[in-house]
Amino acid sequence: MTITAAEPVPAPAVVPAVELRGIVKRFPGIVANDGVDFDLRVGEVHALLGENGAGKSTLMNILAGLYRPDEGEIRIGGVAQQLDSPRDAIAAGLGMVHQHFTLVPSQTVTENVILGLDRPRFRLRLDRYDDEVARLAATFGMRIDPKARIWQLSVGEQQRVEIIKVLYRGARVLIMDEPTAVLAPQEIDELFRTLRTMTAAGRSIVFISHKLAEVLAIADRVTVMRRGKVTAAGIPAAGATKADLARLMVGREVLEIIERTPFMPGGVVLSVRELAAQNDKALPALRGVSFDVRAGEILGIAGVAGNGQSELAQVITGLRPFSGRIEIDGQAYTGHSARDAIRGGVAHVPEDRTGVGSAPNLSVVDNLMMKSYREPPIARGWVIDVAAARTSAERLKDDYSIAAPSIDTHARLLSGGNLQRLILAREIESKPKLMVAVQPTRGLDVGAIETVHRLLMARRAAGAAIVLLSEELDELLALSDRIAVIYEGLILGTFDAADADIHDIGLLMTGGTGGLPLEPVPDPGTALSPDP
Amino acid sequence: MDPIIILSAGVAAGTIYLFAAIGEVFAERAGILNLGVEGMMLIGAVAGFATVVSTGNPWLGLAVAMLAGGLLSLLHAVMTIHFQADQVVSGLALTLVGVGLARVLGEGLSKAGGTSLLPTITLPGLSQVPVVGPVFFTDQSILAYVGYVLVPVAWLWIHRTRPGLDLRAIGEYPTAADAMGVNVYRLRYLYVFLGGILAGLAGATITLAIQPGWFGDLTVGGRGWIAVGLVIFARWDPIRVAIGAYLFAAITRFLLDVQGPRDFLGIPNPFFFNQNLTYLLGMLPYVLVILAVIAGSREATRKRIGAPAALGVPYIRGERGV
Amino acid sequence: MTAAPLPRRSRSLSPFELRLERRLDVPRWLPLASTIGAVIVALVIGGVIIAVVGGDPIRSYSHILEAAFGSIGVLSDTLVVATPLIFTGLACALAFRMRLWNIGAEGQLLMGAWGASAVVLLPLLPEDAPAILFLPAMIVAGMAAGAMWGFIPGILKARLGVNEIIVTLMLNYIALLWIEFWVFGAWSESGFQLTRQFPEAAWFPRLTDFVDQFKGFAGLTIHLGIVLALVAAAFVWFILKRSRWGYEIRLIGDSPSAARYAGIDIARNTVLVFMLSGALAGLAGVSEVAGVVHRLQQNFSPGYGFTAIIVAYIAKFNPIGVVVAAILFAALILAGREIQPAGVPGMIQGVILFCLIGSDVLLRYRVRFVRRVRGGPAVAGSATAEA
């Protein structure tokens with residue numbers, strides 16, 4: 001089987017693999033899909049492009065049988081179909097690979113693949129199925145160990161398992177929801193090769209994304225959605241430009257321009273030397289990380305998910321034991337609990353907003369005082385001054401435009417953007433010397449992303465040192481003063497953001513040095529971790 | 001103080017814990033913590049006993065006991081699976097209802113005299129094997145033999161069959177199982193029901209085989225809770241459940257026997273001469289359960305084999321996340 | 001290539017499906033309304049049970065009302081029974097707030113009673129000590145003993161992650177045997193399973209003790225315990241709602257990971273909350289031996305520590321609600337003694353608890369019945385827009 005990047009698009013005269021006509025789906029307070037048409041030809045990669053909240057996922061969940069449309073028609077291979085459940089969708093040859101994997105961590109690859117099927121009926125002889133799974137993977141050029149347990153696999157490998165699951169069920173159409181969000185550039189290349197192999201074998205692929213470059217690289221045609229409506233239906237990718245697509249997506253020319261005040265670094269606020277820590281599975285997650293961050297500086301940490309970023313953030317914020325040395329403002333910091341970090345002036349915008357950053361069933365007031373309840377004016381001795389807490393909460397709610405019915409509303413009822421505003425309000429209000437922000441814009445809409453970026457830049461201007469961990473390279477390049485690349489618990493290189501090359505960063509993110517000198521741009525005050 | 005007698009009695013009494021704990025293993029593997037074991041056992045015990053008192057047929061009693069335990073468990077299933085109630089509280093409520101209902105049904109039963117019991121069996125051949133023969137295969141109730149079969153069957157079911165694969169999946173990550181067409185709700189009902197049936201069987205094992213008679217709440221007397229503790233000790237594994245159950249029962253029996261003789265090798269037995277000390281001795285099985293649970297927890301932490309990941313978490317369709 | 005195996009198709013028996021939609025907001029009146037509704041439903045079910053076992057539900061219930069609230073005398077009796085329920089209910093409410101399942105209030109109550117008795121019987125104080133010494137000493141000793149009984153599951157949970165439900169349950173049995181060891185042994189009064197009566201200086205004052213001053217107090221057995229219980233309720237309320245510690249407890253209870261993030265020491269709080277919970281339950285034991293039985297004996301508690309679980313739950317872990325719920329349950333226990341067969345009141349308690357937890361679903365979800373389309377299960381779209 002040869003891999004051809006420029007597989008010719010089959011003539012449109014052939015019956016399309018999937019046709020959606022006039023799809024309408026309403027949720028309380030919002031029309032997620034408003035008369036959407038979409039068609040997928042056999043053997044093509046059709047990108048569905050749009051911002052978060054544009055209605056892409058809703059449309060594809062309808063196709064996957066998870067939601068039922070309020071209006072509209074679904075035709076598969078020319079035949080009208082009603083998809084009431086994922087089962088119906090699978091029976092019709094449609095398979096969805098979700099952004100968040102649905103794999104049982106304690107089970108093997110094969111067990112996950114055959115979960116829920118008819119064969120074997122009763123007795124489980126896994127060996128036979130191991131072979132079958134391995135063969136199927138090989139057909140499409142995917143490497144996977146069928147006996148491996150899911151928790152032992154990298155994110156890229158887990159994605160392969162999801163794809164195999166769908167193929168094993170005989171899917172002719174694969175719907176891939178933001179498949180590259182969790183992958184490194186080199187893993188993305190491998191995925192794209194696999195997708196090409198599949199289209200060559202007559203499979204058709206819907207590729208959901210909001211990343212323009214990728215869409216142009218992989219798609220044959222593009223459909224763009226904005227606020228539940230189609231703004232461009234099936235235009236050929238070959239003739240499109242990033243600027244065109246961006247305009248169709250957003251409706252205005254926004255290549256978000258972040259206002260930067262000049263970079264005027266102060267003294268070193270955070271100094272980290274030879275930091276080592278384990279992850280939750282007791283495996284080494286950080287293996288000797290060293291760097292400095294100065295006042296008024298944003299240090300971006302780039303890396304593919306799972307290379308030690310979460311652990312790094314947890315160590316600095318006191319949530320994870322470590323060995324090595326951390327100094328904040330020259331004070332050695334033992335970091336035995338988050339309490340020490342809070343005392344040391346470290347603010348933390350955690351990765352998990354709903355699980356860690358907020359208490360879902362407590363009020364906005366209670367959530368806003370999580371870091372300040374020990375100090376006056378909210379604390380008076382061991383008593384909490386409820387009036388003071390409420391006054392402070394009202395003020396923060398206004399200052400940071402947190403949209404909530406009242407300060408007594410439970411945090412779980414806030415939207416993602418408003419919850420992040422609440423968290424930022426609380427963290428910034430502690431006037432931190434150092435802020436650690438992990439994936440601060442993940443899953444937020446454009447407006448909220450702009451707010452987050454603006455607030456972070458304002459803290460930088462006010463002289464805080466900021467460590468920004470993100471998987472969005474564009475975001476890192478736009479916000480950071482310097483970017484450090486983390487790979488398997490090591491900092492492989494540090495770049496000046498102003499003249500960093502995205503490809504060099506991408507290469508380091510996968511551990512490759514590929515002729516690049518490991519010595520980065522000379523940057524005084526930055527210690528580099530040596531090779532292991 | 002014959003060790004063979006103690007071990008043999010341990011196997012007999014251990015069968016009670018065995019059934020209840022394996023039932024709980026199934027329910028918990030499916031992701032549903034059912035703390036109502038004590039209540040379900042009592043219902044099984046009283047239903048079985050009452051049936052035998054009125055019909056004289058122990059086999060019918062056994063069937064009724066299992067059905068009664070299963071039916072009671074459905075109350076917990078509805079609450080936790082459909083209404084997403086807190087599994088801890090619902091389990092406690094189930095115990096309260098079970099205990100109350102058993103008292104109502106058991107009214108007057110304590111005066112019932114001798115009843116016909118399930119047969120005991122001595123296996124020809126196997127009973128001749130030294131130690132193992134007299135301990136496991138001599139004069140044991142037929143239910144003990146059911147236990148010997150149940151343990152490997154339960155293990156094979158969980159690890160070597162398609163339904164076992166589904167069971168492990170719904171307890172670890174129901175969202176994934178549901179996405180693949182496994183009916184999470186139905187299977188959870190099924191396994192909670194199975195847990196109830198086995199708890200009912202455990203109750204009947206008391207009243208129809210091991211300690212016939214009805215003594216109110218004391219008939220079960222905390223054995224249900226001990227079974228729940230054993231599951232943690234056994235780390236949700238049927239074979240470890242069996243080892244724990246037999247061993248625990250044997251130790252309990254040993255503690256009982258210690259009070260018998262006047263002296264040990266000429267040293268006066270303090271428990272014989274000061275009966276009051278038996279209250280302190282009686283604490284030991286409960287202390288033992290605490291120690292077993294500590295051991296189970298420590299090992300689980302060390303080896304990172306924890307409870308089923310979704311244990312105690314209601315599954316809500318259409319919401320993502322573990 | 002493999003022939004495409006298809007997922008199994010499951011059939012559904014009912015043409016309708018229960019669909020739960022997540023509530024975006026909870027009306028203020030709903031929690032109280034659903035609680036009251038649940039209790040009413042439970043009483044109706046209880047009535048059916050009474051009818052099935054051959055009783056007259058209306059007469060039983062009116063009997064309960066009369067026997068519990070009909071006169072000053074019986075009201076006093078009701079409050080006497082409510083006293084240990086308030087203490088143990090507070091113990092449970094406090095622990096449950098932090099999602100610590102302290103099922104051991106019964107054992108902690110017994111240990112509290114033992115601690116108070118030890119002051120008199122060990123003896124820690126001379127027989128002729130004045131009440132001003134006896135009562136505080138008994139209260140402190142009982143609270144300490146209860147706190148110690150709470151410390152064990154607390155430290156095991158905090159340090160080793162041991163399931164507190166099993167530990168507290170086992171400690172209940174151990175405490176029971178501990179009491180029996182003493183009342184049958186060292187403290188036994190001439191071989192009976194009870195100790196000698198305490199000197200009057202070790203009794204909680206009762207209203208009836210002041211009959212000389214106020215004639216109306218004759219026969220009213222309500223004692224100092226109820227005052228302590230109300231003080232304890234106010235104290236727990238203040239801790240939970242107005243103190244830094246209470247904020248930490250609520251935060252841990254709602255989200256342990258958020259609490260850790262806020263710099264709160266969960267292990268330390270686990271131990272402390274368990275100890276305070278044990279001390280409160282211990283007070284129930286003190287109050288019973290000093291205020292009611294005036295000696296230590298077997299079976300002086302009809303399972304207050306277990307009923308407390310329901311009391312705490314019905315009160316939604318609110319200390320003021322605990323007081324109200326405890327009085328209601330005291331009525332059920334007191335008057336229920338005369339309902340036959342004896343298991344019925346216990347069953348009704350369990351049914352109330354079931355109805356309560358069932359009603360909680362109304363707070364979190366709108367329940368709707370949805371007609372199924374074709375064979376497949378209707379897929380519940382969550383009410384939150386997932387666009």
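What follows is a short chat about parts of this predicted model.

Student: Start with chain B. How many helices and strands are there in chain B?

Tutor: Chain B has 13 helices and 4 strands.

Student: And what is its radius of gyration, next to that of a compact globule?

Tutor: Chain B comes out at 20 Å. A compact globule of 322 residues would be near 20 Å, so the two agree. The C-alpha atoms fill a box of roughly 70 × 50 × 45 Å along the principal axes.

Student: What share of chain B is buried?

Tutor: Buried residues are 55% of the 322. As for contacts in chain B with a separation of 6 or more, 77% of them link residues 24 or more positions apart.

Student: Now the contact between chains C and B. How many residues does each chain give?

Tutor: Chain C gives 44 residues and chain B gives 48.

Student: Which elements of chain C give two or more residues there?

Tutor: Helix 5, helix 6, helix 11 and helix 13 of chain C. Helix 13 gives the most, with 13 residues.

Student: How does that side of chain C divide by class?

Tutor: Into 30 nonpolar, 11 polar and 3 charged residues.

Student: Staying in chain C, at what angle do helix 2 and helix 12 pack?

Tutor: At about 105°, with their axes 8 Å apart. Angles of 65 to 115 degrees count as roughly perpendicular, and therefore helix 2 and helix 12 of chain C are roughly perpendicular to each other.

Student: Which residues make the contact?

Tutor: From helix 2 of chain C, they include His63(C), Ile64(C) and Phe69(C). From helix 12 of chain C, they include Leu332(C), Leu334(C) and Gly336(C). By class, the contact has 8 nonpolar, 2 polar and no charged residues.

Student: Switching to chain A. Why is strand 13 described as largely enclosed?

Tutor: Because 5 of its 5 residues, 298-302, are buried.

Student: Which residues point which way?

Tutor: Ile298(A), Gly300(A) and Ala302(A) point one way from strand 13 of chain A, and Leu299(A) and Ile301(A) the other. In a regular strand, side chains alternate between the two faces of the sheet.

Student: Which strands is strand 13 of chain A joined to?

Tutor: 4 bridges join strand 13 to strand 20 of chain A, and these run parallel. There, Leu299(A) has Val467(A) as its bridge partner. Another 4 bridges join strand 13 to strand 21 of chain A, also parallel. In strand 21 of chain A, Gly300(A) is partnered by Ile483(A).

How values were computed. Residues are numbered from 1 along each chain as its sequence is written. Chains are lettered from A and ligands numbered from 1 in the order in which they are written. This is a predicted model: local features need pLDDT of at least 70, side-chain atom pairs count only at pLDDT 80 or more; totals for chains, interfaces and linings use all residues. Axes are lines fitted to C-alpha atoms, for helices over the stretch in contact, and angles run from 0 to 180 degrees between N-to-C directions. Angles under 35 degrees count as roughly parallel, over 145 as roughly antiparallel, 65 to 115 as roughly perpendicular and the rest as oblique. Two residues are in contact if their C-beta atoms, placed from the backbone, lie within 7 Å. Ala, Val, Leu, Ile, Met, Phe, Trp, Tyr, Cys and Pro count as nonpolar, Asp, Glu, Lys and Arg as charged, and the others, Gly among them, as polar. A residue is buried if 20 or more other C-beta atoms lie within 10 Å of its own, exposed if 12 or fewer, and partly exposed in between; C-beta atoms are placed from the backbone. Two strands pair if DSSP finds at least two bridges between them. The radius of gyration is taken over C-alpha atoms; the globule rule is 2.2 Å times the number of residues to the power 0.38.
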